[in-house]
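Please read the following account alongside the sequence and the three-dimensional view.

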Amino acid sequence: PRPPSPPRRNHWGAVAALVAIALAAVFVPWRNLNRSSPDSAAATPSPTGKTAPTLTAEEKSLVVLPFENLSPDPENAFFTEGIHLEVTSTLARIPDLKVISRESALALKEISGSLAEKAARVGVANVLTGSVRRSGKEVRVNLTLRRARDEQVLWTRNYQRQLGEEVLAVQEEIADEVGRVLQSREKRGSFGGARLLTKNFTAYEKFVKARDLHQTASGSYERITEVVARLEEVLRLDPDYTSAMRLLVAAHSNSSRRQSEVERKHHHEREARRWAEALLRLDPQGAGASAMGIILGLEGDNGRAVQYFATAIQAQPNEASNYNDAAICFDRLSRYDEALHHYRRARELDPLSLIVRRNELNLLARLRRRDEWIQLDRDYVQTFGSSGAANSSRSNHWFMFTGEVLKPYELSVQYVRARDFAGALERIAVLGQEPDRTEEQRWSAQMRKVDCLRRLGREPEAAETLREAGTWLSQAKDAPAR
């Protein structure tokens with residue numbers, strides 16, 4: 001599909017406003033709960049007639065837990081996930097409301113505990129829970145906002161909508177009402193990007209499935225190219241669907257990084273930039289600025305990239321990925337304090353993100369800021385545990401500080417650095433037995449084995465290992481492509 005033309009005038013915002021006014025007459029008791037006036041932060045009377053106390057900044061925080069799918073058809077789980085995504089994203093646009101990322105919210109689903117314990121895990125005061133039931137052409141969304149520490153219900157409501165534009169516009173109404181309860185009003189223009197979401201229900205469902213596939217692609221070039229094809233189909237249905245466009249930029253960027261063939265690599269780079277520029281025309285203050293920041297970062301223009309990320313952060317103050325991506329660019333510019341500031345903000349908004357934690361730990365290690373690293377590492381271990389391949393970078397960091405090998409991450413490279421070549425050979429032998437090692441990792445391990453054998457004076461074994469590795473490499477190159 002071609003990049004979209006300049007955005008068409010959308011009259012749905014006016015219609016939604018009239019509907020909201022009509023609904024206000026029915027739901028006055030709930031909408032007035034903890035409500036503050038547009039021009040004042042002063043506390044206002046609650047439905048009981050008592051004055052509701054002004055909330056602190058810490059109290060203006062929440063996590064939107066994954067919604068329960070009550071639909072008879074399991075296929076509707078995609079639809080429920082999509083509603084959760086749009087509600088979370090729209091709430092996140094309210095400037096003075098802290099909203100935990102959807103990724104960390106999904107991770108909480110796998111963690112047992114009370115609402116208070118889950119809220120404490122991600123550092124928020126409130127929890128929004130809900131369910132979605134889709135039956136025929138009707139959709140019912142049931143939501144409840146609770147104060148986490150005592151599970152007191154602050155607000156609850158059922159939304160019943162027809163499939164199509166009506167149900168796809170409900171996220172703004174939800175965000176507005178939750179924001180009022182938490183005394184966090186929409187700043188003028190905050191929901192501008194949200195209004196660029198699709199009103200095409202078919203496009204919406206296809207996008208949700210493409211997004212799910214992208215999350216599970218796990219570095220597979222074939223699966224990522226399938227994501228690209230699906231998203232291009234979505235954009236043929238709705239050329240102005242910014243969420244699909246933003247994901248398409250990410251998919252092409254990932255494809256370019258994973259593609260060794262020069263022509264294909266350049267193709268994905270060109271497509272990523274083309275769609276980023278199109279998105280920038282549609283949403284210059286939000287997703288478009290974020291997408292262009294990523295493109296400029298990949299191209300090495302980190303100075304301009306951080307400027308675009310600053311614009312995106314202003315429009316999307318709760319989008320953790322913007323802070324993380326900006327931090328990477330600040331790091332490349334050797335502006336380390338700014339990089340750490342943005343990593344910390346990303347961690348506050350996405351506290352269960354493994355990638356953000358590892359990025360911050362790695363920078364602290366390179367800066368030799370040992371005390372800060374130890375403090376963050378303790379929190380890292382408490383959050384993610386102290387075993388598994390995902391934690392192996394901790395061993396490299398510890399070696400950088402002390403020169404000691406950190407159990408149980410006995411990485412062969414650390415033994416080599418410590419000049420314990422016999423220990424390195426033992427570790428290489430263990431790694432060679434692991435079934436999930438890639439061909440590149442096996443080749444690298446064999447070359448390290450050759451080096452260690454030579455350093456120990458075991459030249460005949462080194463020569464035999466090198467010969468075996470050469471034979472294996474020749475066979476791998478001659479093998480038919482899978």
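Cys452 is buried, with a relative accessible area of 0%, where buried stands for under 20% relative accessible area, exposed for over 50%, and partly exposed for what lies in between (1.4 Å probe, protein chains only). Another cysteine, Cys329, is buried as well, at a relative accessible area of 2%. A search of the whole structure for disulfides, meaning pairs of cysteine sulfur atoms within 2.5 Å, finds 0 of them.

The model is a predicted one, in which local features need pLDDT of at least 70 and side-chain atom pairs count only at pLDDT 80 or more, whereas totals for chains, interfaces and linings use all residues. Residues are numbered from 1 along each chain as its sequence is written, and side-chain values use heavy atoms, with hydrogens and water left out.

The protein has 482 residues, of which 46% count as buried. Its secondary structure comprises 22 helices and 6 strands, these being DSSP runs numbered from the N terminus (helices H or I, at least four residues; strands E, at least two). If contact is taken as heavy atoms within 4.5 Å, then among the contacts in the protein with a separation of 6 or more, 57% come from residues 24 or more positions apart.

Glu151, in the loop between β5 (138-147) and β6 (152-162), has a phi near 60°, a positive value in a residue other than glycine; at 38% relative accessibility, Glu151 counts as partly exposed. Arg368, which is placed in the loop between α16 (354-366) and α17 (370-384), also has a positive phi near 60° and is likewise a residue other than glycine.

Among the helices, α9 (residues 221-237) can be followed in some detail. With 17 residues, α9 reaches 25 Å from its first C-alpha to its last, close to the 24 Å expected at 1.5 Å a residue, the expected span being 1.5 Å times one less than the number of residues. Which residues of α9 are buried? They are Tyr221, Ile224, Val227, Val228, Leu231, Val234 and Leu235. Seen down the axis of α9, these buried residues fall within an arc of 130°, so they line one face of the helix, the arc being that of the directions from the helix axis to the C-beta atoms. On the other side of α9, Glu222 and Arg236 are exposed. The cover over the buried residues of α9 includes α8 (201-215), α10 (242-258) and α11 (262-282).

In soluble globular proteins, nonpolar side chains tend to be buried together. A nonpolar core is here a set of buried Ala, Val, Leu, Ile, Met, Phe, Trp, Tyr and Cys residues joined through side-chain atoms within 4.5 Å, and the largest such core has 80 residues, with Leu62, Leu91, Leu128, Leu145 and Phe207 having the most contacts inside it. Leaving aside residues up to four places away in sequence, Leu91 touches Leu62, Val64, Leu97, Val99, Leu128, Ala175 and Val178.

The structure holds 26 salt bridges, each a side-chain nitrogen of Lys or Arg within 4 Å of a carboxyl oxygen of Asp or Glu. One of them joins the side chains of Arg157 and Glu177 (2.3 Å, N to O). Because Arg157 lies in strand β6 and Glu177 in helix α7 (residues 170-181), this pair ties together parts that are 20 residues apart in sequence. Arg157 is buried, with a relative accessible area of 6%, and Glu177 is buried too, at 3%.

Glu360 forms a salt bridge with Arg344, the closest N and O atoms being 3.7 Å apart. Glu360 lies in helix α16 and Arg344 in helix α15 (residues 336-349), so the pair ties together parts that are 16 residues apart in sequence. Here Glu360 is buried at 2% relative accessibility, whereas Arg344 is partly exposed, with a relative accessible area of 30%.

Asp451 and Arg455 meet through their side chains in a salt bridge (2.9 Å, N to O); both lie in helix α21 (residues 439-455), 4 residues apart, about one turn of the helix. Asp451 is partly exposed at a relative accessible area of 29%, and Arg455 counts as partly exposed at 44%. Elsewhere, salt bridges that share partners join Asp337, Arg344, Arg347, Glu360, Arg369 and Glu372 into one network.
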